[in-house]
Amino acid sequence: MSICMAGIDWETAKMDKREAFSFTSSQVGRLCGRIARMEGVDGCVLLSTCNRTELYLSGGEALQPAVVLCQAAGAEGAEILFCERRDREAERHLMEVSCGLCSQILGEDQIVSQVKRAYQLAHEAGSTDAVLSQLFRLAATAGKRSRTQVRLSAAPLSVAGQAVEQLAAELGDLTGKRALVIGNGEMGRLASSLLTAKGCQVTVTLRTYRHGVTIVPAGCQTIGYDERMKLVPACDILLSATTSPHYTITRDNLAGLERVPQAVCDLSIPRDIEPTIRELPGVRLFLDMDSMGGRDVHVDAQDRQQVEDIIEEEMLKLERWCSYREDLPMMDDLCRLIAERVATGYDFSVLADGEGTEVADKMEQAARLAVEKTARLLFSGLQGTLADGALEICREAILRKAPQLRDRRTS
């Protein structure tokens, strides 16, 4: 079985290209179910974040993940946009992604939960298999270890954090500034909290409010989404972070206003805010995902090496698991062979001490079962430690001692 992946991200494609492959959670689930039914696919997981979309497949070596994704998404012809990786290269890439090494904000905090969420959605869609389950479990472990044991960058470790820092750099002290945040999802809540911590007066839009369910960041006011334009003229900062398939703010919405926000920030893909808004008089700063800057290159070499070491440790665990899995058929065969060797070495009719054939048969069955279970426990304990070919050597040694077993197998 082979692992392969195809990906598009902030380094390989501009936002207008990535937008076509930005999927909501429900879309991810439907696509995973659709892809899992394709010929040659044993399992699939689709990772879709604000800055990357990656499809991971397990199955036949002939699989072309970019073609598979574009076909499932109805975007035939866009395969050229994707970078493909296979087997160890694909596995290592997911580890690096989970550790934040491939993020626009190096070492970003959110990517581990996004990797976990991608697997969860695929699992709920019934599109995962044992190989992808193990790969994503270990990748999430690598990401969690990296985040807790190493801090790669002194810069903010999220897109929202980077955006707020850029707003502060351009506008100066944010204390008393009025901000409208459209969207109360994970990104919107984080941005709202960070702006509040900077001293902003923040209002968050809500489409609905359910007591005890809807989470509103501490210190923030709320307003209905449909009422948002009433507040826009009074704002210094307008920030949008939703999963809406259409613009939450258009140029026409702002063009007729006497006063527009001096800073406009769009933290969504597909985009929430019409890009031509940046051309309006009065808009001093316009930020979107592509203007968040590149990764922080000022990283201590030892810190970077720590993350690389974590990845190598998790990759070794994966390699051992895969080796063990590949050896399972041989282990099953050996367990049965060992049980057969023991069973043919004793005369159970004698051991039954005259109790009859039925008792002798039960004793033989019990002996076979006990020996086979013991052998399986032994092989399980040796997982990842056996040299290549060791099981075959063991098998041949048993058959040399008991050639009659070979005769039985070939008869």
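**Close-up views of a strand trio and a helix pair**

**View 1. Met-5 and Tyr-56 are bridge partners, the latter lying in β3.** This is a predicted model, in which local features need pLDDT of at least 70 and side-chain atom pairs count only at pLDDT 80 or more, while totals for chains, interfaces and linings use all residues. Residues are numbered from 1 along each chain as its sequence is written, and side-chain values use heavy atoms, with hydrogens and water left out. Strand β1 (residues 2-9) runs antiparallel to β3, joined by eight bridges. Strands pair if DSSP finds at least two bridges between them; the strands (E, at least two residues) and helices (H or I, at least four) are DSSP runs numbered from the N terminus.

**View 2. β2 and β3 form a hairpin with three residues between them.** Strand β2 (residues 41-48) pairs with β3 in the antiparallel sense over seven bridges. Look for Val-41, which stands opposite Gly-59 of β3.

**View 3. Strand β3 (residues 52-59) is mostly covered.** Eight of its eight residues are buried, meaning under 20% relative accessible area (1.4 Å probe, protein chains only). In a regular strand, side chains alternate between the two faces of the sheet. Here one side carries Arg-52, Glu-54, Tyr-56 and Ser-58, and the other Thr-53, Leu-55, Leu-57 and Gly-59.

**View 4. Helix α7 (residues 159-171) meets helix α8 (residues 186-197), their axes coming within 9 Å and crossing at roughly 35°.** Axes are lines fitted to C-alpha atoms over the stretch in contact, with angles from 0 to 180 degrees between N-to-C directions. Contact (heavy atoms within 4.5 Å) involves residues including Val-164 and Leu-167 of α7 and Leu-190 and Leu-194 of α8.

Definitions and conventions
Buried means under 20% relative accessible area, exposed over 50%, partly exposed in between (1.4 Å probe, protein chains only).
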